[in-house]
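Please keep the sequence and the structure in view while reading.

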Amino acid sequence: MSASPANNDSKLQQTNKSISYHEIAAKLINDRLLLTALELHTELVESGRELPALRDYFSNPGNFEVQTHEAPSLISRSGSQVTLDSLDLTRFSEDGERSVDERVAVLEFELRKARETISALRNNLTVATESETSTPDKKATRSQNSDGIKPHEQRALNFLINEYLLTHGYKLTSITFADENENQDFEDWDDVGLNISKPAELLSLYREGLKQTGQNCVCANTQTDFKIRDEKAEEKIELLSKETQKLSSKILELSTKVIDLQNENVRLCHENELLVSKKIELTLEPIDVTQKLSTTSSKNSSSDSNSPEHFEIIDRNTLPVKKQDSIIDDNVSNNSLNESDWTNLTLNTSEMIEDVGEKKTVTPNIPVVKSNYCKSTRLLPENFKKELLPLCLTSAIFNAENQVFENITNETLVHVLSQSLLRIIPNIILNKREEAIPLLVSAVYLNPNSLERDKLLQQLFNLKKKPSQEEREIILAGIISIARSSGENLVENEILPQCWEQLTHKHVERRLLVVESCIALIPYVSSPIRNSLMLSMLQQMLEDREEKVREMVVRALSFVVALCDDEDKYWQCEELAMRTLKDSSDAVVNISIQVLFPVLAQWALSINRLQTDLVKQLLYKLNKDLKDPRLESQDKDRIVRLVSVLDHLLPYILFYVINDEKIINNIEKDMAIELRPEVVKLCKSLTNPCNFYNGESNVGMIFYEFNKYAAEKSSGTWPLLDWFLDIMLPDLLNNINHVEVTQYFLLQSIINLQLHICIILGKNFTKAKIHPIFQTHIQNLEQILSSFNQYSPSLSIIPVYLVSVLSYCDDANELCNVLKRFICALPLCGTPLDCLEVTIKRLCGFGMQELVINCLWEGVVHQRPLVRAATANLFATVIGVCSENLLVTKVTPALVTLANDSDVLVRTATVPALGSLITDCTVQEVHDKAYMQLQACLSEPSCRDNHSLLRQLVVTLGNIVNSCKASFRDEVILTQLSALSAYTCQMSNQTRKIDMALALLEAFSNAIYSPLSKQVINTILLPGLRCLEVIVVENPSLSPHRDSVTSMIKETENRVNTAFLQSPSDRGSSTLSQNVNQGVEDMKLRVSKIFQKPTGTKQNPLPTLQGIFKKK
């Protein structure tokens, strides 16, 4: 047994001597047994006996490229340049998936090779770095300091600097620093590229560097003396430290005494107030509103002390004063103090916000504005600030202001914890989480650790998933409390980042909380942060998808603009304001027009940029949009918004114009009068000059002296007045020429704008300056119209001139003459009468109905039929706004005259006005005359020969069928509609036939819902509907209406069995109920009596009504 192993060993030795690994490797390579050769190479490398031949072969990519082309089914070369030095192919199988396995093996090898290369490079870099930093001499140090920073040094320093910024609370700076170094990962030290552990913090390195610098300064000659000096210095340092400790203890004792004295002072002041209030009660015996509110609140809290609904304000008697600044009287917090618990809030009901021109209203939720409330160099007028804050600060923020608590110290923390924990423990469910807010606020204020404060603030903002308005008020109260107590640094570096993180939160309630927090924090941040960071946050949230959020953002933006003192930010604020006009929500636009733009105008006025920037930009955009033919309906709405902005800013613009030295110098000292009532009615809240003007002169006196100056010195002028008369007013007139009369809302806005200009500037100035400018344009328009050329000018200036200028000047003669001229001229030119209709409606709205009707009578007696027909159309627009006396004495006689005109065009135009007399008037005498004229038109033999008249009669009969008498409806209207339906079936002209069928379809759709008898339905209504069905079936173009006619017939047939039918609730139920309540028999008697009266030489047409369309 022992001999055989020895023999085997000897044979192996002989084999090793006879064959070497070099020969085996050469044999395998020559025979192309590459996998075996690679496995041999791997084994030799791992055993430390690498063969150069195998290494060189497998290191050459060319060998494998040839192999790839010759046998593509084998291993394919990867895209990497790393070779196959250490690929482990022992895992490869001999099955059919060999190529896939080989490819995976190649990739694994390349990955391992790349990692080894990276590790080698990191090791080399680490060694080089350590060799450079190992105790250099002075010359080497100087040379190193002069060289530029190396990449790995820069990355290491960047990592340490970012860590320092995060550790010490500079989060915004850290974010900016990380953005500027996008190519580095600050979360992983390995990204630096050094194979060493992360060094100490930057502060430790700095201290260590100072120590090393001090040691290097020691020279060999004075080393012994220096050690002695160090010992003496250490002794002095110890003595000084002991003295410092003693002084600090004394300071602590003195500060404690100061706090106690301040506490005592607050307590005495409070007792003094109580004594004064008791004295007043004893003398006057009034019911103190504040005491009643406090009593009610205390009862509510005692009944349910475990679940309060609001914050409770800690009593000043139990709170020591933390800071000297907090001693300042605060009406908000003082009025909310209570001795019992936290939930009792006492609101200040003695302060009122008075709207100019309106009744005084008490708003207990609005606190008194403190003089130091907003830190800004902008000096806003006090009245302007009082008007602005209620518009920007919503009720949630006001309630939060009333609920804040302050003067928190370590001594009161036990009290806060005790009071809050009693509520938190039984109310840990979601809807009671707000009970933890006092704890969070106190912890944030008293915690010196910035990281823990950050977590607490994050918890405060994330307290509720979807906080309601009441819950947001409680959270805001906590935020305001922190801001008041902690100062600007914590607000800017810790609270605002929390707001920034939730700008794009998915829940709208959370985004509302962010905006409301920004509004609440605006007074507690510095001007640079407010003008940059907060402005950027609001600009981003202005694109929010929710209307409520954008509405709140506009309020916040108004507050920021009001306090902005950086003139370089004006252009950005103006652009943001212009952007709000493009918002899809009318509520957002209205707030922007009423709050944001007046605040922006006040700022522009204070820095002399109102004329050169804001007004110029508004006029430019208005002119550009009006001239753009590609505007869609939404863009046209934006034009109306621009006009509304100009209209709302008129008090700023015009007061800026008239506030000149020539006017101010005429005002006597201490003279004051009230503004004209018409001006006060226009200028409310932020646009009232008494609020935004902060000069020495009285505003009423400025307007009075300007009006007086315009009357006495009409030729006097100054630069701003020249700008208004030569640039702004002509620009507005030029814009009017680009407004179509069909753009009703835009035209109405421009009329209001020009009317308000005249009202603010006064009648004297309007007559002296504005009226001549408009008169020139009107004269040019009349010349163009009288020339009858092909050019069609814009007629929009007509209602603007008549309604805005002449009606305000009380020049009735001029107004009447101009209106008469256009009533007679426009019909002859063939232009639409829309401008006259707009003018007449607005003038009637001003109480000028009689003047308008007198002017229309000029057209009634005109020689030209076109003018008389146009006058009949205009009469239809004034019937609904005229008094009964005018309708009886002037309107009805005029229409009767026109209805009997010899020209059929005039009679056709009168038919709608007769229908309006029935629908818009309640005078029975007027109704009877209208019935009579309609019957006269229907009974005319030539009626069927005029298609326009016939169709107009059908349309009018359909409009009045539910408003007229039952007898007239049954005997005249339905009979005529049925007869006309049969007549239309016999028409040969298909165009007129279709036109009549459409008119009949609309008329029958109104008639079938009238309260009709069974006999009327069977004998009149159903035959007419079946004739109409025949017309619709025969004409393919009327096929879309076939179902409508069929459904009307079926519905009518289903109602045949009912004696009297009621109309459904969705079809004029109020009008039909009146018809039902009327006695049908009584109506028949009254109508028969009317129709039996002789009408001149004409006979009663009723007997021949059914045969008026029969051929003679």
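This is a predicted model: local features need pLDDT of at least 70, side-chain atom pairs count only at pLDDT 80 or more; totals for chains, interfaces and linings use all residues.

A residue is called buried when its relative accessible area is under 20%, exposed when it is over 50%, and partly exposed in between. I24, at 33% relative accessibility, therefore counts as partly exposed. I24 belongs to helix α2, which covers residues 21-30. Together with I19 and Y21, I24 makes up a nonpolar patch on the surface. The accessible area of these three residues together is about 250 Å².

The chain as a whole can now be described. Its secondary structure consists of 50 helices and zero strands. Of the 1112 residues in the protein chain, 45% are buried. The protein chain exposes about 58,000 Å², and 52% of that area is supplied by carbon and sulfur atoms. Among contacts in the protein chain with a separation of 6 or more, 74% are between residues 24 or more positions apart.

Two segments carry an annotation. In the model, residues 534-568 are 71% helix and 0% strand, with 16 Å between the end C-alpha atoms. For residues 891-929 the values are 82% helix and 0% strand, with the end C-alpha atoms 12 Å apart.

Which residues touch the most other members of the largest nonpolar core? They are F724 and F875, in a core of 247 residues. Helix α25, residues 586-606, contributes the largest share of this core, with 13 residues. Another core lies apart from it and has 13 residues, including A25, L28, I29 and Y57. For F724, the contacts can be listed once neighbours within four places in sequence are left aside. F724 is then in contact with L654, V657, L729, P730, I757, L761 and F765.

The backbone has two points to look at. R32 is not a glycine, yet it has a positive phi of about 65°. R32 sits in the loop between α2 and α3, the latter being residues 34-47. With a relative accessible area of 38%, R32 is partly exposed. D670 is likewise not a glycine and has a positive phi of about 65°. D670 is in the loop that runs between α29 (661-664) and α30 (677-682). Its relative accessible area is 72%, so D670 counts as exposed.

The last topic is charge pairing. Side chains of opposite charge can pair when their charged atoms come close. How many salt bridges does a search of the whole structure find? The search finds 23. In one of them, D544 pairs with R511, and the closest N and O atoms are 2.5 Å apart. D544 is in the loop between α22 (527-541) and α23 (547-563), while R511 is in helix α21 (residues 508-521), so the pair ties together parts that are 33 residues apart in sequence. Are the two partners buried or exposed? D544 is buried because its relative accessible area is 10%. R511 also counts as buried, at 1% relative accessibility.

A second salt bridge lies within a helix. R555 and E551 meet through their side chains, with an N to O distance of 3.9 Å. Why are R555 and E551 separated by about one helical turn? The two residues are four residues apart in helix α23, and that spacing accounts for the turn between them. R555, at 17% relative accessibility, counts as buried, whereas E551, at 23%, counts as partly exposed.

R969 is buried because its relative accessible area is 2%. D970, with a relative accessible area of 11%, is buried as well.

Key
Residues are numbered from 1 along each chain as its sequence is written. Side-chain values use heavy atoms; hydrogens and water are left out. Patches are made of residues with over 30% relative accessible area and no salt bridge: like charges are joined within 9 Å, nonpolar side chains (Val, Leu, Ile, Met, Phe, Trp, Tyr) within 5 Å. Accessible areas come from the Shrake-Rupley method with a 1.4 Å probe; for residues, only the protein chains shown count as cover. A salt bridge is a side-chain nitrogen of Lys or Arg within 4 Å of a carboxyl oxygen of Asp or Glu. Buried means under 20% relative accessible area, exposed over 50%, partly exposed in between (1.4 Å probe, protein chains only). A nonpolar core is a set of buried Ala, Val, Leu, Ile, Met, Phe, Trp, Tyr and Cys residues joined through side-chain atoms within 4.5 Å. Contact means heavy atoms within 4.5 Å.
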